[in-house]
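Welcome, and take a moment to look over the sequence and the model shown here. We will walk through them together, step by step.

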Amino acid sequence: METDLLDVLLGAWERNNRILVNLLRVLPPGGLEARAQPGHPTVAQMLTHVVYVRVILVEENAPEAAVPVPGEEWEAQSDPEVIARDLEASAAAVREAVRGRIVQGRMLDDRYDHPLLLLQHLIWHEGYHHGQIKLALQAAGTPLPDDVAGPLTWGVWMRRS
Ligand code: NI
């Protein structure tokens, strides 16, 4: 069993990102354009929002780990490869921000009582949008079956490696 708690926590963050990338990879045709209701963001917009929130929080809280901030928060990006790349890059920036500050014993610059809370906040935020994405796919008439989504999402948390 892993005993270094920081490694476990950073590994949990990596799992959280992997789940979103997995979800992106199994979207049905047209899935990026799905929305839960008229006027709600599309799946693509929710994913670019997730990236934007990560990047802006790193910039405001640990600028030494910052990566370029996307121009638009709710961009209707139609290329899943761009979204996947941005998810990976922003996840790495968050990881470095949190790891760096914890190793140095430094608070983040703007928010949170402990650097770890940035990770916890983002995992909560992204789980929230994960549910909205599933709902949007359902509303669009292209739900992801549980036997497809389960191993790529819940299984990433629970399966032993
Ligand atoms: Ni949000």
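Does L23 count as buried or exposed? L23 has a relative accessibility of 2%, so it counts as buried. Keep in mind as you look that this is a predicted model.

L23 sits in helix 1. Setting aside residues within four places in sequence, its contacts are H130, I133, K134 and L144.

Now step back to the whole chain. The protein has six helices and zero strands, and reading along the sequence gives the pattern α-α-α-α-α-α. Its radius of gyration is 16 Å, close to the 15 Å that the globule rule gives for 161 residues, so the protein is as compact as a globular protein of that length. If you follow the C-alpha trace along its principal axes, it spans about 50 × 40 × 25 Å.

How do the parts of the chain come together? Take the contacts between residues at least 6 apart in sequence: 73% of them join residues at least 24 apart. Of the 161 residues in the protein, 43% are buried.

Next, find the metal. Which residues coordinate the nickel ion? They are H49, H125 and H129, each through its NE2 atom, at 2.1 Å. Along the chain, these donors follow the spacing H-x75-H-x3-H. H49 belongs to helix 2 (residues 43-61) and H129 to helix 4 (residues 116-139), so the pair ties together parts that are 80 residues apart in sequence.

With a relative accessibility of 5%, under the 20% cut-off, H129 counts as buried. H49 is buried as well. Not counting residues up to four places away in sequence, H129 touches M46, H49, V50 and W74. One of these, H49, is also a partner of H129 in coordinating the nickel ion.

From the helices, move on to the loops. P28 lies in the loop between helix 1 (5-25) and helix 2. Apart from neighbours within four places in sequence, P28 is in contact with L137, T142 and L144. L144 is also among the contacts of L23, which gives you a handy landmark when turning the model. For a view across the structure, look from P28 to D109: the two are 81 residues apart in sequence and 40 Å apart in space, C-alpha to C-alpha.

A last stop is Y112, in the loop between helix 3 (80-104) and helix 4. What makes its backbone worth a look? Most residues other than glycine have a negative phi. Phi of Y112, however, is near 75°, a positive value in a residue that is not glycine.

Note on methods
Residues are numbered from 1 along each chain as its sequence is written. This is a predicted model: local features need pLDDT of at least 70, side-chain atom pairs count only at pLDDT 80 or more; totals for chains, interfaces and linings use all residues. Side-chain values use heavy atoms; hydrogens and water are left out. Helices (H or I, at least four residues) and strands (E, at least two) are DSSP runs, numbered from the N terminus. The radius of gyration is taken over C-alpha atoms; the globule rule is 2.2 Å times the number of residues to the power 0.38. Buried means under 20% relative accessible area, exposed over 50%, partly exposed in between (1.4 Å probe, protein chains only). Contact means heavy atoms within 4.5 Å. Donors are N, O and S atoms within 2.8 Å of the metal (3.2 Å for Na, K and Ca); water is not among the atoms, so sites may look incomplete.
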